[in-house]
Amino acid sequence: MSDTLAGARPAGVETPAPGDPRLDRLSLNQWTTRGWTLEQAVDGCVRHGIRSIGLWREKVAEHGPAAAARLVADAGLRVSSLCRGGFLTGDDGNLDDNRAAVDEAAALGAACLVLVVGGLPGVVPGGSPSGGLSRDLALARERVARALDVLAPYAGERGVRLALEPLHPMYCADRAVLSTLAQALDLADGHPVEQVGVVVDTFHVWWDPDVLAQIARAGDRIASYQVSDFLVPLPADVLLARGMMGDGVIDFGPLTAAVRAAGYRGDVEVEIFNADVWAADPDEVVATMKRRFVTEVPPM
């Protein structure tokens, strides 16, 4: 991401100006500019000509859903997603918190509520196993299915679409026992399409030899398309292995073409977890994001 950190522009590539139609479906996920408050992120989107924002519950909670919704709506922005609900693999399925997340998504008018379903019971994200560790992966996945049976109707009654996000297999133990788009679709298919969809996140699915066929299978189940690159070598904290598009190994062309062919017409969210990106000037990060979006991600 040297052009962001140094503020340079790749030769022959100008930063798209506000109003550029190539930015019409670009969405800034709040975690890409993690240091910005909600107000700063909304203002940044407006200044940079970005019409959609992906919100995080931690940032929304600083204002409350109603006030956050007014702030976003007054700026004329769409909410491409709310992140995140999930962590369904514990004994209680985390149902109370997930009902609250559904209510927040409804208040915000979010296109979907992203669900990161959780890892093995007793494994803390990014931490070591506790005394309550269960190695029963099949049981963990069954708990996800049972919790979804409760949450999907609740979400449907409130006009909220749940979006199951499969995560790269390296996160299976601590964050998501759904590792492939096929697994997510198998769960989603048991529910009405307006209640449960899936997230296609390039960072998490690019490696899967069956991914293009599964994107075609997903069709109108695709609730969110997220883009970021897969960096090599992996950092010590693999959660921070996402990079700006073009800085890693992902070929965005076939994936984007498949999502387009499947009929997805929503926003394209850039979601990056990366220590260097977070340490950089957020305005430079957004400027680089815009350039890379038009040079690396084919039009939808």
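Over the ring of which residue does the charged end of Arg 158 sit? Select Arg 158 and Tyr 154: the charged end of Arg 158 is over the ring of Tyr 154, 3.5 Å from its centre. A charge sits over a ring if NZ of Lys or CZ of Arg is within 6 Å of the ring centre and within 35 degrees of the ring normal.

This is a predicted model, in which local features need pLDDT of at least 70 and side-chain atom pairs count only at pLDDT 80 or more, while totals for chains, interfaces and linings use all residues. Residues are numbered from 1 along each chain as its sequence is written, and side-chain values use heavy atoms, with hydrogens and water left out.

**Strands**

Next select strand β3, residues 78-86. Seven of its nine residues are buried, that is, under 20% relative accessible area, with exposed meaning over 50% and partly exposed in between (1.4 Å probe, protein chains only). Strands (E, at least two residues) and helices (H or I, at least four) are DSSP runs, numbered from the N terminus.

Then show strand β4, residues 113-116, which runs parallel to β3 and is joined to it by four bridges. Cys 83 is opposite Val 114 in β4. From β3 the chain passes through helix α5 (residues 95-108) to β4, a right-handed β-α-β crossover: with the strands pointing away from the viewer, the path from the first strand over the helix to the second runs clockwise.

**Core**

Select Leu 55, Leu 113, Leu 162, Leu 164, Ile 215 and Tyr 225, the residues with the most contacts inside the largest nonpolar core, which has 86 residues. Such a core is a set of buried Ala, Val, Leu, Ile, Met, Phe, Trp, Tyr and Cys residues joined through side-chain atoms within 4.5 Å. Helix α6 (residues 137-157) gives the largest share of this core, nine residues.

**Aromatic rings**

The structure holds six aromatic pairs. Rings of Phe, Tyr and Trp (its six-membered ring) pair if their centres lie within 6.5 Å; planes under 30 degrees apart count as stacked, over 60 as edge-to-face and the rest as tilted. Select Trp 206 and Phe 230: their ring centres are 5.3 Å apart and their planes at 55 degrees, so the pair is tilted. Trp 206 is partly exposed at 30% relative accessibility, whereas Phe 230 is buried at 6%.

Conventions: Pairing = 2+ DSSP bridges.
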